[in-house]
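Here is a short report for a reader meeting this structure for the first time. Keep the model open while reading.

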Amino acid sequence: MYYNDYNRTDDLFPAPLPQPDPVPPVKKKGSWRRWAALCLVCALLGGVGGGLAVRSIPALQEHGSTTIYESGRVPTAVNVSRVDGHTELSVSQVYANNLQSVVGINGDVKTNYWGQVVSNPVSGSGFVITKDGYILTNYHVIDGVEDLKVSFADGSVYDAVLVGGEEANDIAVLKIDATDLTPVVVGSSDDMKVGEQVVAIGNPLGELTFSLSAGYVAALDRNITMSDGSAINVMQINAAINSGNSGGPLFNLFGECIGITNAKYSNNGSSAASIEGIGFAIPINDVLDMVTDIIELGYVSGKPSVGILMNNVSSEATHRYGIPQGAYIEAILEGSCAERAGIQVGDIVTHLNDTAVETSEGLQDAIKSYKAGDTVTFTLYRDNQTLTVEVTLDEVTLERSEAMAQLQQSYQERASQGQSSQQQGQTQQGTTGTWPFSGWPFGFGW
């Protein structure tokens, strides 16, 4: 007996439950289990070589799942092994092996790259070259800096003193009171080839300390003119070199130091696009003997000294008066080889031996191929006449360098006081003279 269609009294025939309105069936290609199984199979197949792990996230939809693939690779430990000159290293290993050899050098910078006032900034970089505390850097990094300090990556800071420098080659050696330091291993820059990878470590912008940049040797034996007008032989690289990197080491992939980063091309504020990827480093072979001399003597032995201040002949003098191009002698150091040979203020050097001299820079470069004690022939233009003199080159010493600095300073002071370059006069340290020249008040002296 039934009370209604949905409530039966017979337990053998339970009443049927209410049914919703029929919904059109949806054709499915597979259930979420099938999708999950498929993803798992794909992950296993694809992850056998790549070491991928699979993590499923519950789907927001009724069916299916979202899968994120995560790498299960175990990070490679950086093996800090001794640089032996035979084992090629990874870039990470080069950095790890040499980080403790790199230093930041504090200078007189007062603001950072963004114009903010900061304390104790790093003006340049350097690196340890001996266990007992000798540091190599660029001359322009420490030029004019009195309170020198060097800092290491471990946070230690040392007072430093200037042992000596070579401005023409942009190197300087500092000394700190420390022992058992880790010096770099010096390699051979002569063995480097265009296309070889190099690694630089330094302090770009003075605040991004102990940063690595890597690139390749782009060219060898570039002769560039620095911002002060001096010419120097360098290795061109495309590793990022910025302000603060100067003086830092450049390494090959054997972890050997093969250069000193010192410059980059600049557009000098031009509205043109910034110049990127053109940096330079001093080849270590070019300066290694000089560094040894500075450590042992305080100066570079055998470097020739002439004892003159010089400049370029002006284009006006050449075109209007027919004066030859050359190095114009502005001042002569008393007692120097130039004075002993009979060179006079106002002379124009047009040849050094058989090498034509058109500028003061040209004469300076020509002299670099000789040593102190060598005898060379100067061809001079004087009073509309050409004559030759034999000059036995002096050696640059600390005393002679100081005397040249005093001569240069006194010459600048006379120029700033408005004395005409047409006047001639004797001073205790040198002689100044007359002639139209290019630039003011002087160009080069040595």
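The structure is a predicted model. Helix 2 spans residues 91-98, and its buried residues are Gln93, Val94, Asn97 and Asn98. These residues lie on the same side of helix 2, because they cover an arc of only 115° around the axis.

Val83 sits 14 residues away from Asn97 in sequence. In space, the two C-alpha atoms are 7.6 Å apart.

## The overall picture

The protein has 446 residues, and buried residues make up 41% of them. Its secondary structure comes to eight helices and 28 strands. Consider the contacts between residues at least 6 apart in sequence. Of these, 60% join residues at least 24 apart.

## Confidence in the model

How far can the prediction be trusted along the chain? The mean pLDDT of the protein is 79. A value of 70 or more is reached by 71% of the residues.

Two stretches call for caution. Over residues 109-113, pLDDT stays under 50. The model has eleven contacts for that stretch beyond four places in sequence. Over residues 269-273, pLDDT also stays under 50. Here the model has two contacts beyond four places in sequence.

## Rings and a charge

How many aromatic pairs does a search of the whole structure find? The search finds one. The partners are Phe152 and Tyr158, with ring centres 5.8 Å apart. Their planes stand at 80°, so the pair is edge-to-face; the cut-off for that class is over 60 degrees.

Phe152 has 9% relative accessibility, so it counts as buried. Tyr158 has a relative accessible area of 26%, so it is partly exposed. The cut-off for buried is under 20%.

Lys175 lies over the face of Tyr134. The distance from the ring centre is 5.4 Å.

## Cysteines

How many disulfides does the structure hold? The number is zero. Cys257 has a relative accessible area of 0%, so this residue is buried. Cys337 is at 2% relative accessibility, so it counts as buried too.

Most residues other than glycine have a negative phi. Asp221 has a phi near 55°, a positive value in a residue other than glycine. Asp221 lies in strand 12, which covers residues 211-225. With a relative accessible area of 62%, Asp221 is exposed.

Asp383 also has a positive phi, of about 50°, although it is not a glycine. Where is Asp383 found? Its place is the loop between strand 22 (375-382) and strand 23 (385-392). Is Asp383 buried or exposed? At 66% relative accessibility, Asp383 counts as exposed.

His351 lies in strand 20, residues 348-352. At 31% relative accessibility, His351 counts as partly exposed. Which residues does His351 contact, leaving aside its neighbours within four places in sequence? They are Ala356, Val357, Thr377, Phe378 and Thr379. His351 and Ala327 are 24 residues apart along the chain. Their C-alpha atoms are separated by 9.3 Å.

Asn242 is found in the loop between strand 13 (231-237) and strand 14. Asn242 has a relative accessible area of 30%, so it is partly exposed. Along the chain, Asn242 and Glu276 are 34 residues apart. The C-alpha atoms of these two residues are separated by 9.9 Å.

How values were computed:
Residues numbered from 1 in each chain as written. Predicted model: local features only at pLDDT ≥ 70, side-chain atom pairs only at ≥ 80, totals over all residues. Heavy atoms only, no water. Disulfide = S-S within 2.5 Å. Buried < 20%, exposed > 50% of the residue type's maximum accessible area, 1.4 Å probe, protein only. Phe/Tyr/Trp six-rings, centres within 6.5 Å; stacked < 30°, edge-to-face > 60°. Lys NZ or Arg CZ within 6 Å of the ring centre and 35° of its normal. pLDDT = per-residue confidence, 0-100. Contact = heavy atoms within 4.5 Å. Helix = DSSP H or I, 4+ residues; strand = E, 2+ residues; numbered from the N terminus. Arc of directions from axis to C-beta.
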